[in-house]
Amino acid sequence: MRDGFISVAAVTPHVRVADVAFNVASVAKAVEHAVTGGARVVVLPELCLTGATCGDLFWQDALLSSAESGLAELAVRTEDLDALVLVGAPVRVGGRLYDCCVALSAGRPLGVVPRRTLSADGSAASSRHFSPGPVAPTLIDVAGFIDVPFGTNQLFACDSAPDLVVAAELGEDSLAPCPPSVFHVRAGATLVCNLSATPELVGAAERRSAAARDLSGRLCCAYALADAGWGESTTDYVFAGHDLVAELGEVLDEARPFSPGPAVSEVDVARVASERRRRPSLGLAPTPDEAEHLVSYFSLEPSATELTRPVDPMPFVPADRQARADRCELVFSIQAQALAQRMAHIRARRAVIGVSGGLDSTLALLVCQRAFDLLGLPRDGILAITMPGFGTTRRTKGNAERLSEALGATLLEVDITAAVRQHFADIGQDEDEHDATYENAQARERTQILMDVANMEGGLVVGTGDLSELALGWATYNGDHMSMYGVNASVPKTLVRHVVRHVAETCDDVALSAVLLDILDTPVSPELLPAQADGTIAQRTEDLVGPYELHDFFLFNLVRCGFTPAKTYRLAQVAFDGEHGANPYDEETILRWLKVFCRRFVTQQFKRSCSPDGPAVGTVGVSPRGGLVMPSDASTALWETSLQTLEE
């Protein structure tokens, strides 16, 4: 349960219809195997103690009595297992029969949750045999146990893992217009388990997967579904054992129909709880017509859960090629539409942008081109200004010129060397002292040129800084961090690269594609220090501030998810182990740059507090107008202490 990860297994055991003794043994074996493998919550299919396809045999007292005896036996057989077990069984209450989930822990039932929504098609768990369960819990005697809660509105909370709150629904409950899971989540459930026995028909698996993604994303929870499979009657239907575990709109593991299964993954209930705090609408108080939930507690021994779930090293960049292309096109469109709207609003017919031949200014210039096309403005109204200085190389300057020409922009060159030298002389700065003043004076001179040209031309200065740079504070205050509209402000560096590549691969201009590909191949650099003797870049950003793929990973997990440095460090070790298609980094390297990120992120808020307007493109942003509300003088002590502990 370290860092809020709980291993959940959705398991389909082999059953025999109406053979309770066989089924109890099969279920017990499946549960023991799952727990031995590390599972702490085990979900089994609907009515698996009897088989879901017993039909009118559910009217036989012999079968129902055997099911109760089998439930008592299963409680004993799982007594020593450190897990919460959710098993499906028919239960008689007050002269009626209910299709139920029984939650077992430490050798006794914590509660019995009946199904609310019954099918009428003659398949499993139909209204022919079962009654819809009551909502408000009452106490019943079942399988030899007295005073067991019975009713839909129940939660099972782990006293040793406060964020683990489990709820259950059965079969078609999830398809109801307002399913029980909605009320469970409103009452605090972080993991919803569905005990199911739905026939396998064409398209059914896709609908189940889509429903799990939708429900876990919409309700902000983890979701586990265990489906009936081998051994159920094939008189009219086939059951395929389609098990899955999902979390926050993503399927973590899935046993596809007719595969051996099970589906097992670690759900992050701490992240679910964090997301809930960001979405207070999910925690609205129950309406007066909602019955309160009864909470029963269970215990799990604390342990470190080994992560088997995928950890995405590039959280801002989809791994799937088509999804990545769609993401890039959408981000590019958002940027262009936003700039077009701003220009239309202020009636500007000129855009002024500093082009360096680097990635960020390249993307911003591409956005200008599309915005001008949207507005029907001639592209020569884009004033692309290249401002060579002490560190400008022939390659980057040449690429800036070729890019501007390919896009039809008006290119203007303003060499800043003489102006900066005069400034150095005015303030007494030694040109041979390559300190912060030496670097920042160049950035501020460039910003002054852009602003003044914009005033002369009645244009809009388009900012080029990206989200990753703003998060790190890797920008000159009142220099390259200032503009009249920042089109890249919410685009992380890893995604900037892919959007530019997307344009290179989809444009019909050979010359434009060629220069874009060369820009992509150029090291990221502010070019504020003199070039090397051979004319190549001397100042590589990622050598100074760290790899952007690591920083974007830290940005997503620390800022968006709210994880601790320790949890982020642990996840980074998994993500960058070399097996996930990303560059591998050892533990020392990850920790080194994590310390840099935490220090810079906390201390550089003053730069973000006065950031210009710019469009949000995703769920992570640092705009002071809602993207990130943070004091500029926050202490770093909390993060430093955590990181020191990791280092030790």
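Tutor: Let us begin with the largest nonpolar core of this predicted model. The core has 89 residues, and those that touch the most other members are Leu339, Phe554 and Phe597. For Leu339, once residues up to four places away in sequence are set aside, the contacts are Val367, Cys368, Ala371, Leu460, Val462, Tyr485 and Val487.

The buried residues are Val269, Ala270, Arg271, Val272, Ala273, Ser274, Glu275 and Arg276. The N-terminal end of H5 is capped by Asp268, which places a side-chain oxygen 3.3 Å from the backbone nitrogen of Ala270.

H5 also takes part in lining the second largest pocket, as do H6 and helix H15 (548–560); each of these elements gives two or more residues to the lining. The pocket has a volume of about 990 Å³. Of the 37 residues that line this pocket, Glu250, Arg271, Asp312, Pro315 and Phe556 are the closest to its centre. The largest share of the lining comes from H15, with four residues.

Ser181 belongs to helix H3, residues 180–186. The relative accessibility of Ser181 is 0%, and the residue therefore counts as buried. Beyond residues up to four places away in sequence, Ser181 touches Glu169, Val192, Leu215 and Leu219.

The largest cavity holds about 40 Å³ of space. Its lining consists of Thr12, Pro13, Val15, Pro45, Cys48, Ala228, Gly229, Trp230 and Glu232.

We turn now to charged pairs. Side chains of opposite charge can pair when their charged atoms come close. The structure contains 31 salt bridges. In one of them, Asp82 is paired with Arg40, and the closest N and O atoms are 2.1 Å apart. Asp82 is in the loop between helix H2 (61–77) and strand E3 (84–93), while Arg40 is in the loop between helix H1 (20–36) and strand E2 (41–43), so this pair ties together parts that are 42 residues apart in sequence. Asp82 has a relative accessible area of 25% and is partly exposed, whereas Arg40, at 7% relative accessibility, counts as buried.

Another salt bridge joins the side chains of Glu329 and Arg370, at 2.8 Å from N to O. Because Glu329 lies in helix H6 (residues 321–346) and Arg370 in helix H7 (residues 359–375), the pair ties together parts that are 41 residues apart in sequence. Glu329 counts as partly exposed at 28% relative accessibility, and Arg370 is partly exposed with a relative accessible area of 25%.

A further salt bridge is formed by the side chains of Arg625 and Asp613, with an N to O distance of 3.6 Å. Both residues are in the loop between helix H18 (605–608) and helix H19 (637–647), so here the parts tied together are twelve residues apart in sequence. Asp613 is partly exposed, its relative accessible area being 29%. Salt bridges with shared partners also join Asp360, Asp466, Glu469 and Lys493 into one network.

Most residues other than glycine have a negative phi. Leu248, although not a glycine, has a positive phi of about 50°. Leu248 is placed in the loop between strand E12 (243–247) and strand E13 (250–255), and at 22% relative accessibility it counts as partly exposed. Asn478 is likewise not a glycine and has a positive phi of about 60°. The position of Asn478 is in the loop between helix H11 (467–472) and strand E20 (485–486), where Asn478 is partly exposed, with a relative accessible area of 45%.

Terms used:
Residues numbered from 1 in each chain as written. Predicted model: local features only at pLDDT ≥ 70, side-chain atom pairs only at ≥ 80, totals over all residues. Heavy atoms only, no water. Core = buried A, V, L, I, M, F, W, Y, C linked by side-chain atoms within 4.5 Å. Buried < 20%, exposed > 50% of the residue type's maximum accessible area, 1.4 Å probe, protein only. Contact = heavy atoms within 4.5 Å. Salt bridge = Lys/Arg side-chain N within 4 Å of Asp/Glu carboxyl O. Polar contact = N/O pair within 3.5 Å; in protein donor to acceptor, adjacent residues only side chain to side chain. 1 Å grid on protein atoms, 1.4 Å probe; cavity = no way out; pocket = protein on both sides within 12 Å on 5 of 7 lines; lining within 4 Å. Points joined across faces, edges and corners; volume = space filled by probe spheres on them.
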